[in-house]
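This report is for a reader who has not seen this structure before. It begins with the ligand and then turns to the strands and the backbone.

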Amino acid sequence: MTEAQFLEGLSYAEDNFKNENAPHLHVDKKLIREKFDLTGKKILDFGCGMGGMSLWYATNWDCEVYALDIDGHHIDVAKSLQKKHNASNVTFEKRDVLETPLTEQYDMVFLNDVAEHIPLEILGKILSQLAFSLKKGGSIFVTYPPWRSPYASHLNHVIKTPWIQFFPQSYVEGLIEKHNHPLVGDLESDLKEAYHGLNKLTHEKIYKLASEAGLKVAYRKSHSIINRAGGPFKNINLRVWPFDFLVTKEFLQLQNK
Ligand SMILES: C[S@@+](CC[C@H](N)C(=O)[O-])C[C@H]1O[C@@H](n2cnc3c(N)ncnc32)[C@H](O)[C@@H]1O
């Protein structure tokens, strides 16, 4: 990772941490504040990336955060951000839980924009492990853009075409080639790898994996472009076809059955 990439990552993570209206996180932050009181809780931020949300949990509540990620570059940025903001109640670690399984139990596990990046067979194993790592009454909160979402390709910041993932793939590949650039990640080190790492996650797929892991859905919200209209549409969960194509993010609270 170059110095410039490191600094770019740091600035992105700091915005995610400090800015309540950070572009892809403002709905998440609002919902988490409304739904959960994290005071006194032991939290696992699974796939914490560069640590913006981990630090947000750690500084908005008096809680203990353990934040892990499989990508060493992301953890390096997260540790630097933690040092800058002097947060002592969060621990960052590079860890692959399939090699080094979790041994502790948590009140809350967050998978924020992580599940869609993990191959489905691995995601199933991780959910099983997380189910065993929950304290009694604990929850796993998963947020992700479902595959039918206009922005699920994760390419929107450079290729400003919604639903580009459904265009002919040879056309998409050409566009990616044209716009390809290095990313901070060690594993997903450019745009092309990041796009090909997506598992095309849908509610049906994650629901099946969660059920097989012994988890039930305690809460589900499908945040949609329609919610932006406000008034009676503000909280509506319109997720039946074809409105499911307007859902930008799914929020799922999972608990042991
Ligand atoms: C889009 S980032 C989200 C980061 C962070 N949760 C956030 O909201 O800013 C997805 C993260 O998932 C991590 N990840 C992917 N597979 C993983 C795995 N098997 N174990 C842990 N982290 C993983 C990636 O390395 C990456 O940092």
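## Ligand surroundings

The ligand has 17 residues around it, and those that come nearest are G47, G49, I70, D71 and N112. Sorted by class, the shell around the ligand holds 7 nonpolar, 7 polar and 3 charged residues. The model is a predicted one.

## The sheet

Strands of a sheet pair through backbone hydrogen bonds, either parallel or antiparallel. Here 7 strands make up an open sheet with mixed pairing, in the order β3-β2-β1-β4-β5-β7-β6. At the edges are β3 (90–94) and β6 (215–224), each of which pairs on one side only. From one strand to the next, the twist averages 15°.

Strand β2 (residues 64–69) pairs with β3 in the parallel sense, over 5 bridges. D69 has K94 in β3 as its bridge partner.

## Strand β4 and its partners

Strand β4 spans residues 106–112 and is mostly covered, with 6 of its 7 residues buried. Strand β1 (residues 42–46) runs parallel to β4 and is joined to it by 3 bridges. I43 has M108 in β4 as its bridge partner.

β4 also pairs with strand β5 (residues 134–144), again in the parallel sense, over 6 bridges. N112 stands opposite T143 in β5. Between β4 and β5 the chain passes through helix α5 (residues 120–132), giving a right-handed β-α-β crossover.

## Backbone exceptions

Most residues other than glycine have a negative phi, and most peptide bonds are trans. D113, which is not a glycine, has a positive phi of about 55°. D113 is located in the loop between β4 and α5. Is D113 buried, exposed or partly exposed? D113 counts as partly exposed because it has 19 C-beta neighbours inside 10 Å, and a buried residue needs 20 or more.

K200 is not a glycine either, and has a positive phi of about 55°. K200 belongs to the loop between α7 (191–196) and α8 (203–212). K200 is exposed because 12 other C-beta atoms lie within 10 Å, and the exposed class covers 12 or fewer.

A cis peptide bond is found between W241 and P242, with omega about 0°. P242 lies in the loop that runs between β6 and β7 (247–256).

Technical notes. Residues are numbered from 1 along each chain as its sequence is written. This is a predicted model: local features need pLDDT of at least 70, side-chain atom pairs count only at pLDDT 80 or more; totals for chains, interfaces and linings use all residues. Helices (H or I, at least four residues) and strands (E, at least two) are DSSP runs, numbered from the N terminus. Two strands pair if DSSP finds at least two bridges between them. A crossover is right-handed if, with the strands pointing away from the viewer, the path from the first strand over the helix to the second runs clockwise. A residue is near a molecule or strand if its C-beta atom, placed from the backbone, lies within 6 Å of it. Ala, Val, Leu, Ile, Met, Phe, Trp, Tyr, Cys and Pro count as nonpolar, Asp, Glu, Lys and Arg as charged, and the others, Gly among them, as polar. Axes are lines fitted to C-alpha atoms, for helices over the stretch in contact, and angles run from 0 to 180 degrees between N-to-C directions.
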